[in-house]
Structures are given as C-alpha cells and as structure tokens.
Amino acid sequence: FIIVLIFFVLPRFDFMYISADKHWQKEKIGDRDEKTGGTEIEKVKQGANGIYFVYKDKLMYMDEAGEQVREICKLQSEISGILVKDDTAFFRKRDEYDYGFYKVDLSGKIVKLFDASGTSSIEGENIYILDGEPSLRKYDFNGRKIFENKVKSDFISSGMIFDNYIFFIRYNFDISDDGVEVSIPKYYLFDANKINYKTRKLKLSRYYMQPEAGNMYWKEDVIPYDSVAKEVDKTVREGKIFDDTTEKNLDDYELQSVELLPWSFSEVQDGYIYLYGEQRVTYRDKKYKEKLSTMEEGLSNSDKMKKVTYTTIARMLCRINVDDIKYTSEDDYINYELVCYDLNKRWGGFIINNKNAYVLKEDEYFDSSKEDRNIYVYSMDVDTGLYKEIYRKKRFFNGNYSAEMFVTDKYIFIYEGSEYGVKECITRIDRDGNNPILVMDENGEVVMQALEK
C-alpha cells in the first residue's frame, strides 16, 4: 500500500511538490551554477582544446592555435548543429526522418544515443530536450534518460532552459501581448526527478491610464506612474530615439502605456537573460473624452481609440535578472534594464559572450542582381550600452539568404550562403574585428586564406 501511495497516488497532488531550495535532494537539482543556463545547439561551439564547427554534412575541428583545421567526420545528410562538452561533440542530422541524437569523439567514432525531437541543450553534466508538446527530457552523456516531465503550456516556439526553468515565447501570441512566459519547476517530495511545472506570464508591459472600450488591457493592469514611465517619457519627448514624433504635439498627450514586445532572447549570461524587440510607447489625447463624443457613428471602439492615441516605437536590447524571474510573484512586474536602443533598426540578431554583445547586420535586399551588399558586425559593452562597428565585408553571394554569426572564446565565425543554401562560405575574424580569414570556400575546401578588412 505504501508503494502504491508514494508512486501512484501522491504525485497527483500539487501540495506534494516543493521548490528546489526546500528539497532534501537539492544538491542533485540543476547544475548549481545560478549565473549560467543551458547552451543550445549551434553550428559552432568552443571545446576544451579547440573549436568544433559544421560545414553542411561535415563536422570540422580547429586547433587551439586557430591554425590547423581538419575533418572529424562526414555524414550522408547535413548536420543541423552541435553541442560540445570537453572534447566530445553531440549533433543532430538535418533529416526529417532521423530524430537521432549522436555523439562523436575526436577520432570520428559516432554513437547514436537516443531518438528525440525538439530543442537540444546542455547544462552542467546533462543533455536536455524541450519538445513542442511540450515536455522536458533530461539525459546523461551516455544517452540514459533521467526524467521526462510534461510542461503545462501551449506549443512553445522558442524556449531556453536554466536550472530546470523554461523561459519561452509563446507560439502565435496575440500582437497586443508580450508573449513571454516561464515554466517554474517544483519537485516531488520523494523524487526530485518528478517535476510539476506551473507556467505564468512575465509582466513586462506597463499601463498607466484606466482602459477605455477598445483598449487591449484590463483595469487590474493599471499601475501608478513610476520611474520607468518617467524615464521612457523623457526619452520619447527628446525626439532622438523613437520613431518620428514631430507630427504630434506631445504636450497635448499623456503617457498611457509602455509595452515590451520581445522577438528573441539570449542564453543566461552572468545571471541575465537579454531580450531584443520593440518598446512600444502609447500616448492618449488629454481631450480624448470630448473627441470621442463627437466621432461619427459606426466606428468600432478600437478605431475610435486609434484616433485619440499616438504610438511610437523603438527597437531595443534589454536584460532581465534571472533572480527576478525566479523569485518575483505572479502579480509583480518584472523589471528590465535597458542596454541600448537599436538606432539602425535592422539588427539581424545578437550574441552575448563575456559581457559583450555582438550584432550582425546586413544591407537591405532589393535586387538579386545587386552585388555590393555588405555585412556588418558590431561589438557592444553590455554594461555601458556603447557599441561600434568592428568589421564589414561584401557578401560572397547575391540573393537574400541571410548570414549567420557565432562567437567562441577568441573568434567570430560568419556563415554566408547562396540562394537556398546551395553554396556556403565560412569567414573567421578576431573578436575585435581584426585578422579576417576565409576558413572554408564555396567548394567545401579548407583554405585559411587572409582577407582584406
């Protein structure tokens, strides 16, 4: 009877699950490094004594000096990405019929560990797979499954793991909603591998005026005018950062809301998660009630509100402290810290590494025959928000196939492809933008050829 109670009955009750810090097996929970999180599968990864990188169907290895490059193995299908632990690489194939997760050592010996679809990451001494059901599975480096736990949420489009927490953007979220959520783990009293997840939305957007018919928030969301409102309002009225505000006399408007709509986020770095997206600031006409009363009949409430409000937008990089995510209650707003505004408004993505943000940008695509489009790399100090261009180059290929960037301890790797990825080149630069080297050419040959900066 006791066995049945512990293994089959009690796990159904929420009160049997407690937080990690109160659990008697807390030393076995998570990777015990609160400043970092899981590292996800990518085309380039730093190893213990060198760099692993992917070229189509080949897994390559660059020595620690960055001078010698060799092929570790070649597959029948392309490699989608790799994870590295010490001198062992783990990879997936770009094959819709093969869900295998493999490992390979420096000699090229390949071992299939398990079958699993989903986002792959490594944290501490374990492999994690987050699939779209969604559920989280944990394996050791020999492929033994340690746990599988369901996550109480809808389909996840983009997720990241840290200390068994799941940070994600919801798939197909409403444009009026910031869409960022976190699934919080609690552990079964008698078995820390059995996890009960509670998912909650992170309150990143702030509302300062009572809603009217046609607004997309509730009166319970309204908070007093605070330091965030004061700082953002000042920035908007200065007219240097946000979209053109000259068409409106903001003296006739009051701040209604400051919304944050993230598009992408980083892995945990130095205790922070970095977010890139839109900061959307809305003002309401001070005489809105008078103007609403004189509007023509037949207009919807939302159309009426558009006529008495003004929204201006800026793209920004900001960061959230992981402790705020872990220990803030469901009713509290999450404070985010501005790193910098994206004045170019065309960042193709960002990577955080060693307190620096690296940003990739490309000239806009208009004509497939245009040959002089450039790729730019920017470096930013995340503590000051100051950034500068460190490298630019002409694209190797025409067309609209986007370049990709990856960062290791000493280098930045830039992948460029032709249309549909038929051809590919890999360029390597130092982290300060110097010493550009063509590592592999469009024929898949290792060339290590110096390029002009």
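**Figure 1. The largest nonpolar core and its most connected residues.** The largest nonpolar core of this predicted model comprises 38 residues, and those with the most contacts inside it are F162, F167, L204, I273 and L275. At least two residues of this core come from each of β15 (156–162), β16 (165–170), β17 (180–188), α2 (227–238), β20 (253–265), β21, β22 (309–321) and α5 (322–327). A nonpolar core is a set of buried Ala, Val, Leu, Ile, Met, Phe, Trp, Tyr and Cys residues joined through side-chain atoms within 4.5 Å. Buried denotes under 20% relative accessible area, exposed over 50%, and partly exposed the range in between (1.4 Å probe, protein chains only). Helices (H or I, at least four residues) and strands (E, at least two) are DSSP runs numbered from the N terminus. In soluble globular proteins, nonpolar side chains tend to be buried together.

Residues are numbered from 1 along each chain as its sequence is written, and side-chain values use heavy atoms, with hydrogens and water left out. Because the model is predicted, local features need pLDDT of at least 70 and side-chain atom pairs count only at pLDDT 80 or more, whereas totals for chains, interfaces and linings use all residues.

Figure 2. Apart from neighbours within four places in sequence, I273 is in contact (heavy atoms within 4.5 Å) with M160, F162, F167, F265, S266, V268, C318, R319, I320, V322 and I325. A second, separate core of 15 residues includes F53, Y55, I426 and I437.

**Figure 3. V258 in strand β20.** V258 lies in strand β20 and counts as buried, at 1% relative accessibility. Not counting residues up to four places away in sequence, V258 touches L204, S205, R206, Y208, V232, Q279, R280, V281 and Y336. The C-alpha atoms of V258 and L386 are separated by 24 Å, the two residues being 128 residues apart along the chain.

**Figure 4. Strand β21 at R284 and D285.** R284 is found in strand β21, which spans residues 272–285. R284 is buried yet has no salt bridge; E212, the nearest side chain of opposite charge, is 4.3 Å away. For these assignments, Lys and Arg count as positive and Asp and Glu as negative, while His and the chain ends are not counted. A salt bridge is a side-chain nitrogen of Lys or Arg within 4 Å of a carboxyl oxygen of Asp or Glu. The side chains of R284 and Q256 are joined by a polar contact of 2.9 Å. A polar contact is a pair of N or O atoms within 3.5 Å; within protein, one must be able to donate a hydrogen and the other to accept it, and residues adjacent in sequence count only if both atoms are side-chain atoms. D285 also lies in strand β21 and is buried, with a relative accessible area of 5%. A polar contact of 2.6 Å connects the side chains of D285 and K291. Leaving aside neighbours within four places in sequence, D285 is in contact with D252, Y253, K291 and V308.

**Figure 5. Aromatic pairs.** The structure contains 21 aromatic pairs. Rings of Phe, Tyr and Trp (its six-membered ring) pair if their centres lie within 6.5 Å; planes under 30 degrees apart count as stacked, over 60 as edge-to-face and the rest as tilted. F90 and F101 form a stacked pair, 6.0 Å centre to centre with 25 degrees between the planes. F90 lies in strand β8 (residues 88–93) and F101 in strand β9 (residues 100–104), so the pair ties together parts that are eleven residues apart in sequence. F90 is buried at a relative accessible area of 1%, and F101 is buried at 0%. The pair of F406 and Y415 is edge-to-face, with 5.5 Å centre to centre and 85 degrees between the planes; both residues are buried. Ring pairs also link F90, F101, F114, Y139 and F141 into a cluster.

**Figure 6. Salt bridges.** The whole structure holds 23 salt bridges. D163 and K326 form one of them, with the closest N and O atoms 2.8 Å apart. This pair links distant parts of the chain, D163 in the loop between β15 and β16 and K326 in helix α5, 163 residues apart. Both D163 and K326 are buried. In the salt bridge between R144 and D140, the closest N and O atoms are 3.2 Å apart; R144 is exposed at 52% relative accessibility, whereas D140 is buried at 16%. E42 and K45 meet in a salt bridge of 3.3 Å, N to O. E42 is partly exposed, at 27%, and K45 is buried, at 9%. K43, E404 and E424 are linked in a network of salt bridges.
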